[in-house]
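Please look through the structure shown here before reading the notes that follow. They take up strand pairing and then a pair of aromatic rings.

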Amino acid sequence: MSRHRFTILALLLVAGAASAQVSPGTAPGRPMQTTPGGEVAYISGGAGEEERASMSARQGELPTKVVLSGPGGEYVVADHLTVNAPAGKLLIVRDAGPLVLMNLPPGNYTLEAGWKGRTVRNAVRASGAAQTINLRFP
């Protein structure tokens, strides 16, 4: 390849990489979702370090952080994460995690997650303040 063609190719690759960068505060490939009634906004993802860092930057607007992990503490993607309110199911996230950020309205909830035939549950009180809930599968 001639030196001129190599230089042009290198410039095109750099320009393409620069335009593909994700702006701070957005999880790469993970747009914010909302429940059908718009009560809860959430993001599920965090498989890579860059995506986890990007998601963590959004915890101010999505203060409830759920971390899903396996028996050895490794991150897992749960089959589902369900948020139950006293009035019924508020949110169901399929293929959830390993991190799920959400803005739950103030109140009491039960989180339930399933992974490899196992289920974990945790009672949660949302107040609008940042909190992390660790759901660890046995």
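In this predicted model, Ala85 has Gly88 of strand S5 as its bridge partner. The two strands concerned are S4, residues 78-85, and S5, residues 88-96, which pair in the antiparallel sense over 7 bridges.

**The open sheet**
- Elsewhere in the description there is an open sheet of 5 strands, arranged in the order S1-S2-S6-S3-S9, in which the pairing is mixed.
- Strand S1 (33-34) and strand S9 (131-136) each have a single partner strand and stand at the edges, so one side of each is left without a neighbour in the sheet.
- Thr34 has its bridge partner in S2, namely Ala41.

**The aromatic pair**
- The structure holds 1 aromatic pair, and its rings, those of Trp115 and Phe137, have centres 5.4 Å apart and planes at 45°, so the pair is tilted.
- The label follows because planes under 30 degrees apart would count as stacked and planes over 60 as edge-to-face, while the rest count as tilted.
- Trp115 belongs to strand S7 (residues 107-115), whereas Phe137 lies in the segment after S9, so the pair ties together parts that are 22 residues apart in sequence.
- Are these two residues, Trp115 and Phe137, buried or exposed? Both Trp115 and Phe137 are buried.

Note on methods: Residues are numbered from 1 along each chain as its sequence is written. This is a predicted model: local features need pLDDT of at least 70, side-chain atom pairs count only at pLDDT 80 or more; totals for chains, interfaces and linings use all residues. Side-chain values use heavy atoms; hydrogens and water are left out. Two strands pair if DSSP finds at least two bridges between them. Helices (H or I, at least four residues) and strands (E, at least two) are DSSP runs, numbered from the N terminus. Rings of Phe, Tyr and Trp (its six-membered ring) pair if their centres lie within 6.5 Å; planes under 30 degrees apart count as stacked, over 60 as edge-to-face and the rest as tilted. Buried means under 20% relative accessible area, exposed over 50%, partly exposed in between (1.4 Å probe, protein chains only).
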